[in-house]
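Good morning, and thank you for joining this meeting. Please look at the sequence and the structure while I go through selected parts.

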Amino acid sequence: MARTPPILTPPETPGASGLQLGSPTARKPYHFSTLCATVDNPNAKDQYGSSSVPIYQTATFKGMGGDYDYSRSGNPTRSHLEHHLAKISNARHAFAVSSGMAALDIITRLLKAGDEVIAGDDLYGGTNRLLAYLKTHQGVTVHHVDTTNPESLHPVLKAGKTAMVLLESPTNPLLKIADLATICSDIRARAPDAIIVVDNTMMSPYLQRPLEHGADLVYDSGTKYLSGHHDLMAGVIVCNRDDVAKKIAFIINAVGNALTPFDSFLLLRGTKTLAIRMERQQSTAIQVARYLSNLGFLVHYPGLEDHPGHELHKKLASGPGAVLSFVTGDKEMSERIVGATRLWGISVSFGAVNSLISMPCVMSHASIDPAVRAARGLPEDLIRLCVGIEDPNDLIDDLEVALLQAGAIKAGQAGLVRSNPTYNPRAHGSVLNKAIEKLADRVGNARVDEEVPDTDWMVSAPGKVILFGEHAVVHGVTAVAAAVDLRCYAISSGRDDGKISLNLPDLNFNNTWNVEDLPWDAVNTSVAPGEPHPPELEPGLVEAITARALPVVDDGKPAGYKPAVIAFLYIYMTISSKDYRPCLNVTARSSLPVGAGLGSSASYSSCIATILLLTHRRLNLPSLPMPTQAPSSSDPVGHLHVSHAGRKALTKAFADEINRWALVAEKVLHGNPSGVDNAVAVYGGALAFTKPGFAFANPNGGMDGIQGFKSVRFLLVNTKVPRNTKSLVAGVGLKKQQEPELVNGILERIQAISDEARRALLDPELERSELLKALESLIDENHAHLVTLGVSHPALEKIREVTAAKGLHAKLTGAGGGGCAVVLLPDAIDDKALNELIQSLEKEGFEAYTTSVGGGGLGILSPYVERSDEDKVGAEEDFVAKPAVELAGWAADRGRWLYT
Ligand SMILES: Nc1ncnc2c1ncn2[C@@H]1O[C@H](COP(=O)(O)OP(=O)(O)OP(=O)(O)O)[C@@H](O)[C@H]1O
Ligand SMILES: C[C@@](O)(CCO)CC(=O)[O-]
């Protein structure tokens, strides 16, 4: 027989004892800690008056018509516990089951196929796993939303469809705060039948009682604070609704996962000390959070004044609790910290009297797919601390030793400081302080509601020369291309006034936007970190930026400024979230001729993509190795740091993410790019590149490095005839549609040229003179095909004429239609002959550049060395003022560069 648990009328006040409140002899209602310690149940007096509730370790009960018959359905020890839990939760009903997940399992059995559930996007890994199971096996639809913004529920909240909303506040492990009261009243108004469920484990009923904010069901993992000793597993469900309680009681009995008598006894014992444990744990947690925050770490803890949900949490709960998390900016450093602690036990779970440390992404949240974790903003380097009741000094001391041993902090003049203070652009504490300081100095109505990136970035990427296969590469033919030593550079700095600016001195463009005024309503694409942007650009967003964000007057700007600005805003808006729209200045300029066929657009695209991904926290720089250190008594191993001039300091995955977004910018600039230009700008070196999806070379596409290219010398000659890659590429596309046989034949020939060039460059047996001869005739042949495709220009033919007169071979490079030609230089050519050649080209009005090819790809100026404020301001002014030819030397002097 299933036994419905006792119903308390209405939440009982043990102190009242029948006396009238307000009368001189009346006792006031008891405080929480008194309720915890007082486990008497007036409905179930013990026959011997035992002061500890006995354990009824029995499966069955004899006789007919008694209160109990079978322990799955009811047991006196468990009834006592449930009565006590209802009392301290201020609830009409309480149920104890075998674990926190069992509690959620019971609750989700209220759902049926076709129902929709709304849940947070920063949930406990186990909750996430159960929801994923329901999705795939039970036909339940689950929407994950950002519950810190009540409005994010509105689009998915549907009357008659939404059956359940699952909330957590604070969330675990990012300690985000959801406005439970507002969300509950919104749900009541929009989907009145939805059951509102709150996981209250992080708070326990001592600090927060969500039924009071409008929830229907609240569950706790009793394994945590309620029991407090990590010596049992239990789950607790409380509610005020009789109809829901009846169903829950039925399901628990049917499923058979009610808490055992012995565990009920232990849990009852644990709850007696709940208030006193939580008080101590919380007060130490506040000290630990302040300690880490003062060292400059980004600490997630609602008890800190700079936590975004600090004020809201104070309205919902009576304390911030004893769980906090922080990031170091470096997963391996976090692992070293966790491994170096002694007092903090490495363990999942929380709520015990002993302190615990963990890395959620490798432990409690490991069951969430890494891509999903990344999409939900769960940093891989996150460390969670669950504070116990040990002496606070010992806990902080142990943490400090671990931070020092891991190299996360070091001794500075003013005491201990973070080793990599500028490393983490997310330090909202310092950012906020910085913003407030600046605000105090300013007059006007500045706002600080958008975040200020606190790291200034400088990046650069090379242009390219295509030796074989331009245009054909758009249609699936392999192109042979290499990085040149002319580059685009971009720098960024944070600002604190709700604005962004883009300064493009090469295009005479400089504009500032109010972030809020951008056409955010047109953003419909959301791309998770590490995911590719859909193949097509979002046309609505391009249109909205063009119509609503470009300056109305052109006042003599070069034609190309519009796509450059649209590309920047397109990426900025697509990767921003409602919660994070960083305010920053970006300036970009080139030592490359712009629009001349040397890949200026791809190097610009790669630079802005990198700056935006860094400031939007989608990229984290790898940490630097510790400096070379000889073994010593405190460090018996020591370590050797081998300098490699920053080469390969940026990982392949890092470069891949930049390349994906550089291609998005290239789509804005070029319409239908092959991807070869941005691949060279990002990865550098010399490449044989094939676009996927065509049958000429490799339908899967791909790129291979070509070593032999580096030794070949080239002269680049700029016709200075302006042209536009987008329209030239479109022109070839049209010709292919109109004359498919002719164009396909040419494409096949160009594929053969690229294959032949690649074979020659890779062949170690081939004589040098033979190699150059082969390249010369392939250059002539490829140029002839480009003429047939209609992309040459009289100026390019003139260059061929001038160079042919000296026995040299040249072809157009890039999109043609003007722009540049590439001339192959024989080994034998001396400086005098080269100068004569350059002079005769200059006489025709052309400009010549000698360049080395095959050099480094994308670079980032290392942010590990903190620069003074004066230095930063000076840098921005110098950057704009430097003549283009001095940019490379100036950038190199700025510090250590990290390359792909
Ligand atoms: N330094 C820069 N600052 C701002 N925008 C730039 C810069 N360099 C290139 N761009 C953008 O790229 C456009 C030039 O792209 P285009 O494809 O026509 O030339 P390219 O990339 O130099 O040549 P190719 O694609 O044939 O190699 C400019 O009009 C501008 O929109
Ligand atoms: C003309 C083209 O082949 C090269 C432009 O540098 C276009 C492209 O590959 O995107």
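This is a predicted model: local features need pLDDT of at least 70, side-chain atom pairs count only at pLDDT 80 or more; totals for chains, interfaces and linings use all residues.

Which residue in strand 9 stands opposite Leu298? It is Val327 in strand 9 that stands opposite Leu298. Residues are numbered from 1 along each chain as its sequence is written, and chains are lettered from A and ligands numbered from 1 in the order in which they are written.

Helices (H or I, at least four residues) and strands (E, at least two) are DSSP runs, numbered from the N terminus. Two strands pair if DSSP finds at least two bridges between them.

Strand 8 and strand 9 (residues 323–327) run antiparallel and are joined by three bridges. They belong to an open sheet of five strands, in the order 8-9-12-11-10, with mixed pairing. Its edge strands, each pairing on one side only, are strand 8 (298–300) and strand 10 (345–346). In the loop between strand 10 and strand 11 (356–358) lies Ser349, which has a positive phi of about 75° although it is not a glycine.

I turn now to strand 4. A residue is buried if 20 or more other C-beta atoms lie within 10 Å of its own, exposed if 12 or fewer, and partly exposed in between, with C-beta atoms placed from the backbone. Seven of the seven residues of strand 4 (residues 162–168) are buried, so this strand is largely enclosed by the rest of the structure. Strand 4 pairs in the parallel sense with strand 2 (residues 116–120) over four bridges, and Ile118 stands opposite Val165 in strand 4. Strand 4 also pairs in the parallel sense with strand 5 (residues 195–199), over five bridges. There, Ile195 in strand 5 is the bridge partner of Met164.

The loop between strand 4 and helix 5 holds Pro170 and also Pro173. The peptide bond from Ser169 to Pro170 is cis, with omega near -5°, and the bond from Asn172 to Pro173 is cis as well, with omega near 15°.

Next, helix 13 (residues 392–405). Its buried residues are Leu395, Leu399, Ala402 and Leu403. These cover an arc of only 100° around the axis, which puts them on the same side of helix 13; the arc is that of the directions from the helix axis to the C-beta atoms. Helix 13 is followed by Gly407, whose phi is positive, near 80°.

Finally, the ligands. A residue is near a molecule if its C-beta atom, placed from the backbone, lies within 6 Å of it. Around ligand 1 there are 28 residues, and the closest are Gly560, Ser600, Ser601, Thr725 and Gly814. Helix 17 gives the most to this shell, with four residues. The shell around ligand 1 divides into 13 nonpolar, twelve polar and three charged residues. Here Ala, Val, Leu, Ile, Met, Phe, Trp, Tyr, Cys and Pro count as nonpolar, Asp, Glu, Lys and Arg as charged, and the others, Gly among them, as polar.

Ligand 2 has 15 residues around it, of which Glu470, Pro673, Ser674, Gly814 and Ala815 come nearest. Helix 19 (676–683) and helix 20 (725–738) each supply at least two residues of that shell.
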